[in-house]
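Dear colleague,

I am handing over the structure below, together with an account of what was found in it. Please keep it open beside you while you read the rest of this message.

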2 protein chains.
Amino acid sequence: METFYIENSYIQDGIKKARQSSSGLIIRQKEPRNLETPLDEVDSFLTPTELFYIRSHFPIPKLEPASYQLRVDGAVRNPFSLSYRELRDMPSETRAATLECAGNSRVFLVPQVEGAQWELGAVGNAEWTGVPLRALLERAGMEEDACEIVLEGADNGKPKEPPVPPVPISYARSLPREKAIRREVLIAYQMNGRDLPPDHGYPVRAIVPGHYGMASVKWLTGIYAVREPFQGYWQTSDYGYWDYLDARPVRRPLGEMKLKSEIARPRVYETLAANQVCTVFGAAWAGETEVTEIAVSTDGGRSWAEGEFLDPAQRHAWRRWKFDWLTPKQPGKYTLLARAKDANGEVQPDQHDQNYGSYVITHPLPIEVFVENPTGSSS
Amino acid sequence: METFYIENSYIQDGIKKARQSSSGLIIRQKEPRNLETPLDEVDSFLTPTELFYIRSHFPIPKLEPASYQLRVDGAVRNPFSLSYRELRDMPSETRAATLECAGNSRVFLVPQVEGAQWELGAVGNAEWTGVPLRALLERAGMEEDACEIVLEGADNGKPKEPPVPPVPISYARSLPREKAIRREVLIAYQMNGRDLPPDHGYPVRAIVPGHYGMASVKWLTGIYAVREPFQGYWQTSDYGYWDYLDARPVRRPLGEMKLKSEIARPRVYETLAANQVCTVFGAAWAGETEVTEIAVSTDGGRSWAEGEFLDPAQRHAWRRWKFDWLTPKQPGKYTLLARAKDANGEVQPDQHDQNYGSYVITHPLPIEVFVENPTGSSS
């Protein structure tokens, strides 16, 4: 077991909370199942499993541990298959990681774009237990010229975003070799100390800390090393963005999460009492670096004040934060914003970058609230 | 000048015909300009320039030879720009090459697919004069690790097939290094012995013999060597297809033309006299190999007979062919088909391959005709 970066009692509290029953999820799509965390209900470092957002591309596949096999092949010297029992008997690691859907906060885009209309809660932080992918790649003897590792799920069907292949396909995403061999990438079978629920990939899923959720392939049944960049459907048609090569647009697959913060409480259009302290709560996260500062604006971005972190800095996990706001005496509508800075000195961008299309919505998201005087009359 | 594969008088005849005035083109799209050759009007090895199909992605750019500059840069040691005059002063080559739009014959697909509804005439064979691309790459000192050459046109705008970049883009396509350095790839300024017309890329275009027309970038202003496969819009969103990597679909750019034949005469639904010799005319072409055999069926594919070539075998140029059909005594509807074989023994496929989507329509195309007895009464 690897040493935790933060003390165990803190984690244990989180797990306790994480096992509490849930106040339910928000439906964004009925089938395939896409359900959102009500972020304002989350008040623990670890998101309770029952509150954790669910992102599915196809109907949930039914896999039985007794017959489950994980196949490791492709550009490897010793391809092999592993049973569920064999996987669980291997040395494991447990680590917290924040997963955010690349389309989280899409509902904030104007004009509206296609796709599930996620608001704030297609993000969660859980503790995952499993075997480092690296251990499996070492056992398989990955070839020197393997440049990517494709992770394949048992979920399959015909996707929608063009261009679409003419046959049903299994969900699959590749990782660059350099990321795949990092110790934090897990072939996981537990979430918050219990076996994965069906919606979260039972019996086995990948966890790729620091990458958007699409990389953490659920219902994982295949690990496939390739000698060329994998141009699968979810690398090109979907989950791609436009990068620039000397000003020429080129299509690339999404990967690392970008620095982001969100306000969890108050909620949009919540009514607050005038001239009272309202504690604004939120969370901030980044990809392969730490979040170091959080700034909050209560006037639509004209001025900013520093917030206070509730969680220590830990790579790949979010940091919850708070900010005590003395609400104005003047009733009216106020726009709250949060903006994080990371260890590299980067801050969130002012606007959504159109090169990411309907993904990577990381600009400060406006949370409009109403301030009223205690009698309820709006002056 | 390179030696012609076929005798000069033959070519000269073709050029003479190629300069004759035209019976007009078929509009497939008004703007941008997409006009089709009436294939039944073509009776020369070289398609007359005025009859040559026009495929445009954006409005025709206006380029002046006096100010024209061709930029060669990217992964090269000595980037440079070349004027029109300088290009014309370099040693040139002249060669015949067949260009076919990758979407030619799309109207034959059932159910109907998106895109210009090309019938038979988005193909033509012309004689092109220009400087081998290789000479320009040698002058620029292409780096050893440059793996592709991007050819860029002056035509630009916002394309339609998703995913689409958020900015207007210039038409651009890349060639693998191995193809780019072959002597047949030309930076051309003449077509059938005259300066390129505006619709065909005036003043300068690329000619990539053996590849679908999309590779022969018109209004060429940039040659850009890259160290990674170029994932531009017309390599991924458009002009791509689904290949398979161990049964996993992966997106790849279209490139080499596939073996194909077409019947130019008679036309669909043409009425023919019963019990008379009707000469069926057509053409056949391939990518990087020669067409060696042509078979014709007049009964919808139940039986096949050998046709006769009118042109010698010449790599990168089509071969016209004919077949004398004694029409049946029995009036009725008959389906004609043509099927070519190449020097590798490959034949055209029986059906359209769905992995190519709305491109690469190379199965034998049914041409339905009516046979009537001389009085015109259909028995």
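**Strands and sheet in chain A**

In this model, which is a predicted one, strand β18 (residues 277–285) of chain A pairs with strand β22 (residues 319–326) of chain A in the antiparallel sense, and the pairing runs over 8 bridges. To find a spot where you can see this for yourself, look for Thr279(A), which stands opposite Asp324(A) in β22(A). The two strands belong to an open sheet of 4 strands in chain A, whose order is β16-β18-β22-β21 and whose pairing is antiparallel. At the edges stand β16 (260–265) and β21 (308–309) of chain A, and because each has a single partner strand, one side of each is left without a neighbour in the sheet.

**Two domains in chain A**

The domain assignment divides chain A into domain 1 (10–253) and domain 2 (260–372), and the C-alpha centres of these two domains of chain A lie 27 Å apart. Where they touch, 25 residues of domain 1 of chain A are in contact with 22 residues of domain 2 of chain A. On the domain 1 side, the elements that give two or more residues are β6 (93–100) and β14 (240–245) of chain A, and the largest share, 4 residues, comes from β6(A). Sorted by class, that side of domain 1 of chain A has 13 nonpolar, 7 polar and 5 charged residues.

**How chains A and B meet**

How are the two chains related to each other? Chain B can be laid on chain A by a turn of 180° and a shift of 0.0 Å along the axis, with an RMSD of 0.0 Å, which means that the relation is that of a two-fold axis. Of the residues of chain B, the one that comes closest to the rotation axis is Pro162(B), whose C-alpha is at 3.2 Å.

Between the chains, 26 residues of chain B are in contact with 26 residues of chain A. On the side of chain B that touches chain A, at least two residues each are supplied by β9 (169–176), α5 (233–236), β14 (240–245) and β15 (248–253) of chain B, and the largest share, 5 residues, comes from β15(B). By class, this side of chain B has 14 nonpolar, 8 polar and 4 charged residues. Finally, 100% of the interface residues of chain B are also interface residues in chain A, so the copies meet through the same surface.

With best wishes

Methods:
Residues numbered from 1 in each chain as written. Chains lettered and ligands numbered in written order. Predicted model: local features only at pLDDT ≥ 70, side-chain atom pairs only at ≥ 80, totals over all residues. Contact = placed C-beta atoms within 7 Å. Nonpolar A, V, L, I, M, F, W, Y, C, P; charged D, E, K, R; others polar. Domains from an automatic or database assignment. Least-squares fit on C-alpha atoms with pLDDT ≥ 70 in both. Pairing = 2+ DSSP bridges.
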